[in-house]
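This briefing is meant for a reader who is meeting the structure for the first time. Please look over the sequence and the model before reading on.

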Amino acid sequence: MDSGGGIQIPSRLPLLLTHEGVLLPGSTVRFSVDSPRNMHLVSQRLLKGTSLKSTIIGVIPNTRDPENDTDDLPTLHKIGTAGIAVQVVGSNWPKPHYTLLITGLCRFSVSGLLKERPFVLAEVQQLDKLEQYTTPATEGVPAEEGELGELSHKFYQAVLDAVTLEERFKKALPMLTRQIEGLKLIKKTRKIGPDNEKRVTNICISPFPFNNFNLDEEDEDEDGDDTAALERKVHGAKMSEAALRVCLKELKRLKKMPQSMPEYALTRNYLDLMVELPWSKSTKDCLDIRAARTLLDNDHYAMDKLKRRVLEYLAVRQLKTSLKGPILCFVGPPGVGKTSVGRSIARTLGREFHRIALGGVCDQSDIRGHRRTYVGSMPGRIINGLKTVAVNNPVFLLDEVDKLGKSLQGDPAAALLEVLDPEQNHSFTDHYLNVAFDLSQVLFIATANTTATIPPALLDRMEVLQVPGYTQEEKVEIAHRHLIPNQLEQHGLTPQQLHIPQDTTQHIISSYTREAGVRSLERKFGAICRAVAVKVAEGHRVTKTEASSPEDPTQQEGKSRSSVSVDKAVPPELPIVIDHVALKDILGPPLFEMEVSRTNRGPQLQKAVHN
Ligand SMILES: Nc1ncnc2c1ncn2[C@@H]1O[C@H](COP(=O)(O)OP(=O)(O)OP(=O)(O)O)[C@@H](O)[C@H]1O
């Protein structure tokens, strides 16, 4: 076939007549064949032939093969494409047909018909110079339906018919420009929704004849913008040198990856986190010991010993900023204000506060993160916390260090040791980040219910401050100074709308709660506030309590007593005062009186048994 530097196609070619799709030199197109002459061409020529020559056929566009092989041939389109049938697949369903995969080689013109049956054989003249057979770069797609299909079909045919290069350029250029404009428009709307993205991707692989033309270039532009923005952020994040090196390496990889690759999202997420982390962002400490004392006193009643120690701790920090002192660990029953003191410390220092719940954590990756090779891997709670507060010197409250578990996935306490150790924590390495992050500016405070279950090595690093439970009197004070005002505010109520007398509080403490702290007491006030809020909102009338006993301390106060009652006509008399009757209405019968009376019955029962 080789003659004079170029490859010659056979001068006689069997012709495949198509009216859907156009084969262009260099592209590969799938054709469905089910008409008589075309079927014969496949069965008698392609499937029987044994030489390479027998796989070369001519594909004539814009010409329908007649329904019957006895019908006359229509006028053939003058220009066709010689191609190699690279694949033939036959099927009997829904009717006998073949699917051919043909790679276009070069144009030819039909100079004469040699025979019409069983398939068309023609004398052809090669129009393009065929230097060498190249592996096709893209696979063409069968003709599209509808207007777009109609347009592209005409376009392909025009390109096919343009024999000289100049003519071909002239035909192709306006079409290309239009396509590019259209694609740009779609790209602009791409961000509106994920569906658009799908459409754009579909268009990328639409049967455009020029193998290398798709949105990739555009993608590169946009991705370029996107990655350029990310690169700027990487440089602006003021991260450590090691982190910067890793980020730039990942960025380089990202640029080379197609967006559809799952790893693209992983790398992207990683880089997004890296630029978000507060590598060098911190708040300025504004510690004033006098103000701190006032704030601690205002926020918390009693707890004198604890507040004193906290103030000492803060004072030493003020004098020696690089204090590598012990980690304070507040140990006490639930609801005694351990978390709340931690929050106050952050406020006095003007620092961000973040609570890390450790109860039930039994996997060290909770602290140190998962390696990025894991599906769904993510950073640990420390790094996540830093991302949340967005500064590198927050107060981290490690809540419930005594409830840390242990499992096969590693000991979380060991990971915590590294976090808390001032000798090591300046280069804490989360598995997900895989680069060191300096935790030395973070102020850690821990809380626990008991020291008994804190791992000894961890306990060794901490200074334990016991927070004992409260006496009944202290609870009443805490309730009236802090809990009730807080609950009123949270429920949009004012003291002019709701009044809880001290004796009601005492009654709640003794008959409705049994705790060392004030957590459930606070909840009871919440329940009262909700009930009263409904009454206030409904404009219910609150009637005077009829059955107030003389011993009733609420009566001794001499104020108008009200219990929650129903009369929708008149707005409530304010404030609504919660006496024992109202309390029973809202909270139900006392919980612990019953228990007490049951235990009191014990000796009597015993007596009865003995008698
Ligand atoms: N001495 C106090 N003065 C004022 N409010 C207090 C005092 N003690 C506790 N509280 C209040 O009680 C509620 C519960 O306190 P907090 O959540 O700090 O308890 P905790 O000891 O951290 O409990 P847990 O161990 O269950 O986390 C908070 O609203 C807190 O403000």
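This is a predicted model: local features need pLDDT of at least 70, side-chain atom pairs count only at pLDDT 80 or more; totals for chains, interfaces and linings use all residues.

Across which strands does helix α12 lie, and at about what angle does α12 run to β10? Helix α12, made of residues 381-389, lies across β10 and β11 (395-399), and its direction makes about 155 degrees with that of β10.

**The chain as a whole**

- The protein chain has 611 residues, of which 32% count as buried.
- Its secondary structure comes to 20 helices and 19 strands.
- When contacts between residues at least 6 apart in sequence are considered, 71% of them join residues that are at least 24 apart.

**The parallel sheet**

- Five strands make up an open sheet with parallel pairing, and their order is β10-β11-β14-β9-β15.
- The edges of this sheet are taken by β10 (353-357) and β15 (462-466), each of which has a single partner strand, so one side of each is left without a neighbour in the sheet.
- From one strand to the next, the twist averages 25 degrees.
- Within the sheet, β9 (residues 327-331) pairs with β14 (residues 443-448) in the parallel sense over four bridges, and Val331 stands opposite Ala448 in β14.

**Strand β7 and its antiparallel partners**

- Strand β7, which covers residues 97-115, pairs with β4 (residues 28-33) in the antiparallel sense over six bridges, and Val33 has Tyr98 in β7 as its bridge partner.
- Strand β6 (residues 79-91) is joined to β7 by twelve bridges, again in an antiparallel arrangement, and here Gly83 has Gly104 in β7 as its bridge partner.
- Strand β8 (residues 120-126) also runs antiparallel to β7, with six bridges between them, and the bridge partner of Phe108 in β8 is Gln126.
- Together β7 and β8 form a hairpin, with four residues between the two strands.

**Around the ligand**

- The shell around the ligand holds 18 residues, of which Pro334, Gly337, Lys338, Thr339 and Ser340 come nearest.
- Helices α10 (338-349), α15 (472-490) and α17 (519-538) each supply at least two residues of the shell, and α10 gives the most, with three residues.
- The ligand lies between domain 3 (289-466) and domain 4 (472-593), because both domains give residues to the shell around the ligand.

Definitions and conventions
Residues are numbered from 1 along each chain as its sequence is written. A residue is near a molecule or strand if its C-beta atom, placed from the backbone, lies within 6 Å of it. Domain bounds come from an automatic or database domain assignment. A residue is buried if 20 or more other C-beta atoms lie within 10 Å of its own, exposed if 12 or fewer, and partly exposed in between; C-beta atoms are placed from the backbone. Two residues are in contact if their C-beta atoms, placed from the backbone, lie within 7 Å. Two strands pair if DSSP finds at least two bridges between them. Axes are lines fitted to C-alpha atoms, for helices over the stretch in contact, and angles run from 0 to 180 degrees between N-to-C directions.
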